[in-house]
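Let's take a walk through this protein, starting with the whole chain and then zooming in on a few spots. Keep the structure open beside you as you read.

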Amino acid sequence: MASGGFYDRLKVSRAEGGSPEGEELEACVENTVAALLSSETDARRPGMLLGKIQSGKTRAFLGIIASAFDNGFDVAVVLTKGTKTLAQQTVNRISKEYRVFRDAEELAVFDIMNVPNLTDWEIDGHKLIFVAKKETNNMRRLVKLFAETHTRLRSKRVLIVDDEADFASIRFTKKKGSNDIEQGRIADRIDELRRELSSPAVLQVTATPYSLYLQPDEYETTPGQNFTFEPKRPAFTQLVPIHGGYVGGDEYFGEHEEDAPEFYLWHPVSDDELTALQKGGSPPRPYR
C-alpha cells in the first residue's frame with residue numbers, strides 16, 4: 001500500500017494537475033468528516049453539505065470521501081440524479097480523481113448496474129465506491145447488493161453521499177384515487193438501504209435545501225391513513241467555500257453600479273413587451 005492517507009495523496013494529485021486544494025476547501029472537508037464522526041447521522045438526521053450552484057460541491061464531497069476513508073470508512077455510496085448520462089459522468093469523475101488509488105489497487109469504483117461478483121479479497125482489501133442513479137431499478141440493485149449479494153458489506157462502515165438531495169430523495173405523493181399519502185419510491189429505497197447497514201453515515205449535498213430544512217420534526221398520522229414518510233432534517237450543515245473565480249446569482253441579480261460590468265447582465269422588460277408575449281391577453285407577470 002502506498003504511504004500517506006487518501007486525502008493527503010488526493011491533494012497532491014490535484015496540485016500536480018494544476019488545481020491545488022486551498023485552505024478553505026481543506027477545512028470544509030476536515031470539518032465535515034469530523035461532524036460525520038461525532039454526529040448521529042441517519043435517515044432522519046443526515047449531514048448537509050451546502051454550496052452554491054457550480055461552486056465545487058462535487059470536488060468537495062470527493063475530498064470528503066477520501067478523508068472518510070482515512071477515518072475508518074470502508075465503503076462509499078454516491079447517489080446521483082436519475083439520468084444515465086449523469087451517473088456515467090459521476091463514475092468517470094470519481095475514477096479519474098481517484099486514479100492514484102485505483103492504480104495502487106487500494107480502491108475500486110463501480111456503477112451499481114455493472115458490479116461484478118466481488119471476492120472477499122476485493123471486499124476486505126479495498127475501499128469500494130458504488131454509484132447509483134436515484135431510479136427504481138438502480139436503487140433496488142443497490143439494496144440487493146448489501147442485503148443479499150454481498151452481505152459482508154452490511155457490517156462495513158458506509159458513507160452514503162446523496163447528491164442533489166432534494167431533487168428525488170425527499171418526496172411523498174398522494175395515491176391516485178385515494179386520500180392516502182405515501183413516500184416516493186426513491187426515498188423509500190434510500191431508507192431501505194440505510195436500514196440494511198449496521199453503521200451508516202449520511203451526507204446530503206445540494207444547492208437548494210429548502211425542502212429539507214422546512215420539514216417538521218414529526219408527522220402526525222390519522223387513523224386509516226397510509227403515511228410512511230420520515231422527516232429528514234439535517235443534523236449539521238457545512239458550507240462549501242466559494243473559489244475566487246466563481247460567478248453566480250450575486251453577479252447576475254445583485255445591485256451593481258453602472259460602471260460595473262455586472263450591471264449590464266440583465267435589463268428590465270417593459271409591460272408592453274410582456275403583453276405581446278402573453279397568450280390570450282393574460283395580464284403580464286413581473287419579469288426582469
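First, some ground rules. This is a predicted model, so local features need pLDDT of at least 70 and side-chain atom pairs count only at pLDDT 80 or more, while totals for chains, interfaces and linings use all residues. Residues are numbered from 1 along each chain as its sequence is written, and side-chain values use heavy atoms, with hydrogens and water left out.

Now the big picture. The chain has 12 helices and 9 strands; these are DSSP runs numbered from the N terminus, with helices being H or I of at least four residues and strands being E of at least two. Of the 288 residues, 41% are buried. Here, buried means under 20% relative accessible area, exposed means over 50%, and partly exposed is in between, using a 1.4 Å probe and protein chains only. Take the contacts (heavy atoms within 4.5 Å) between residues at least 6 apart in sequence: 71% of them join residues at least 24 apart.

Next comes α4, residues 84-97. This helix has 14 residues and reaches 20 Å from its first C-alpha to its last, close to the 20 Å expected at 1.5 Å a residue; the expected span is 1.5 Å times one less than the number of residues. Which residues of α4 are buried? They are Ala87, Thr90, Val91, Ile94, Ser95 and Glu97.

On to the charges. The model has 16 salt bridges, each being a side-chain nitrogen of Lys or Arg within 4 Å of a carboxyl oxygen of Asp or Glu. In one of them, glutamate 21 meets arginine 59, with the closest N and O atoms 3.0 Å apart. Glutamate 21 sits in the loop between α1 and α2 and arginine 59 in helix α3, so this pair ties together parts that are 38 residues apart in sequence. Glutamate 21 is buried at 10% relative accessible area, and arginine 59 is buried at 16%.

Two other salt bridges stay inside a helix. An α-helix has 3.6 residues a turn, so residues three or four places apart point the same way. Arginine 194 and aspartate 191 lie 3 residues apart in helix α9, their closest N and O atoms are 3.1 Å apart, and both are buried. Salt bridges that share partners also join Arg14, Glu21, Arg59, Arg93 and Glu97 into one network. In helix α5, aspartate 103 and arginine 99 are 4 residues apart, about one helical turn; their closest N and O atoms are 3.5 Å apart, and both residues are exposed.

Finally, two single residues. Lysine 127 is in strand β4 and counts as buried at 16% relative accessibility. A polar atom of its side chain lies 2.8 Å from the backbone oxygen of phenylalanine 73. Leaving aside neighbours within four places in sequence, lysine 127 has contacts that include Phe6, Phe69 and Glu106. Threonine 151, in the loop between α7 and β5, is partly exposed at 41%. Not counting residues up to four places away in sequence, threonine 151 touches Leu145 and Phe146.

Terms used
A polar contact is a pair of N or O atoms within 3.5 Å; within protein, one must be able to donate a hydrogen and the other to accept it, and residues adjacent in sequence count only if both atoms are side-chain atoms.
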